[in-house]
Amino acid sequence: MAANNVHIEMFFDKDSSTFSYVVTDNSTKVAAIIDPVLNYDAAAGMISTTDADNILAYIAAKDLTVAWILETHAHADHLSAAHYLHIKTGAPVAIGEGIRKVQQTFKLVFNLNDDELLAKGDYFDKLFADNERFSIGNLTAQVINTPGHTNDSVSYLIAGNLVVGDSLFMPDSGTARCDFPGGDAHILYRSVQRIYQLPDDTRIFICHDYQPNGRELRYQTSVAEQKTQNIHVKADTPEQEFVQKREARDKTLTVPRLIYPSVQVNIRGGQLPKAEHNGVSYIKIPLKQA
Ligand SMILES: N[C@@H](CCC(=O)N[C@@H](CS)C(=O)NCC(=O)O)C(=O)O
Ligand SMILES: [Fe+2]
């Protein structure tokens with residue numbers, strides 16, 4: 001059975017409450033790394049690779065071959081270790097083709113020129129189309145476009161397991177915010193309906209858990225559990241009711257602490273902005289007047 005052939009190992013970054021995963025085809029020991037985190041101390045401008053090195057240690061210990069480094073979207077709350085892991089493993093870095101739109105949006109926000117970013121999917125090795133299939137060893141993976149949180153959000157369906165990125169969170173946390181540039185609660189609702197068409201026993205692996213009311217950390221749920229218990233969107237929740245709830249919550253949220261460094265690195269597939277003539281890379285912050 002394909003389901004027995006897949007192993008999903010979770011890695012947690014406490015600083016950003018992010019789950020990364022290594023999905024392995026047991027029959028070939030070929031694996032995909034999903035949503036790896038690059039550690040970043042914002043005050044010091046210090047990048048480090050503790051989380052990514054933990055993933056590399058696991059891969060070495062299990063003797064795995066990395067076939068893919070996958071992003072569910074260009075994250076706005078943490079930096080991606082995709083490029084670092086690409087250098088270490090040689091595996092291609094892939095994301096949904098909606099990344100072009102995200103790059104176009106932030107090319108304007110950060111006033112980047114064509115030498116810095118073409119906004120045509122540059123910096124990524126592979127852009128996935130909706131429904132595109134690809135292999136992880138003998139496993140078939142399928143890309144399901146799930147925009148709403150961002151334009152480029154995708155979920156990866158791998159042998160009955162769905163890695164959803166930021167669309168659904170655990171049922172008691174509901175859904176991801178839709179107030180970033182390109183976010184849209186109506187579109188997220190439709191993406192969730194797509195997820196709810198999958199078999200009830202599809203296992204869902206989420207990207208963040210903010211541990212509401214101090215409950216223990218959770219990262220795995222199912223389509224059935226979401227359809228009956230998600231606090232924002234159950235199987236029978238009308239679109240307008242969801243949109244009202246989502247938009248009301250979005251009004252209460254503050255800008256993610258690492259949004260500026262995260263977006264500038266993540267639209268470049270985890271590469272730092274090109275070093276200036278002194279060999280140093282810089283992060284820009286557009287200033288606004290209140
Ligand atoms: N406080 C966190 C917030 C992170 C955040 O905004 N997370 C997004 C996903 S990238 C989200 O959907 N949050 C929903 C929520 O906080 O309810 C930070 O500063 O990083
Ligand atoms: Fe996100």
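Which residues in α5 meet which in α7? I started my notes there. This is a predicted model, where local features need pLDDT of at least 70, side-chain atom pairs count only at pLDDT 80 or more, and totals for chains, interfaces and linings use all residues. Residues are numbered from 1 along each chain as its sequence is written, and side-chain values use heavy atoms, with hydrogens and water left out.

**Entry 1, the helix pair.** I found Ala185, His186, Leu188, Tyr189 and Arg190 of α5 meeting Glu239, Gln240, Phe242, Val243, Arg246 and Glu247 of α7 (contact means heavy atoms within 4.5 Å). Helix α5 covers residues 185-196 and helix α7 residues 239-250, and they pack at about 125° with axes 9 Å apart. I noted the axes as lines fitted to C-alpha atoms over the stretch in contact, with angles from 0 to 180 degrees between N-to-C directions.

I counted rings of Phe, Tyr and Trp (its six-membered ring) as paired if their centres lie within 6.5 Å, with planes under 30 degrees apart stacked, over 60 edge-to-face and the rest tilted. By this rule the count comes to 15 aromatic pairs. Trp68 and Phe134 are edge-to-face, at 5.1 Å centre to centre and 70° between the planes. Trp68 sits in strand β6 (residues 65-70) and Phe134 in strand β10 (residues 133-136), so this pair ties together parts 66 residues apart in sequence. Trp68 is buried at 15% relative accessible area, and Phe134 is buried at 6% (buried is under 20%, exposed over 50%, partly exposed in between, with a 1.4 Å probe and protein chains only).

I also noted one aromatic cluster formed by Phe12, Phe19, Tyr21, Phe205 and Tyr219.

How values were computed:
Chains lettered and ligands numbered in written order. Helix = DSSP H or I, 4+ residues; strand = E, 2+ residues; numbered from the N terminus.
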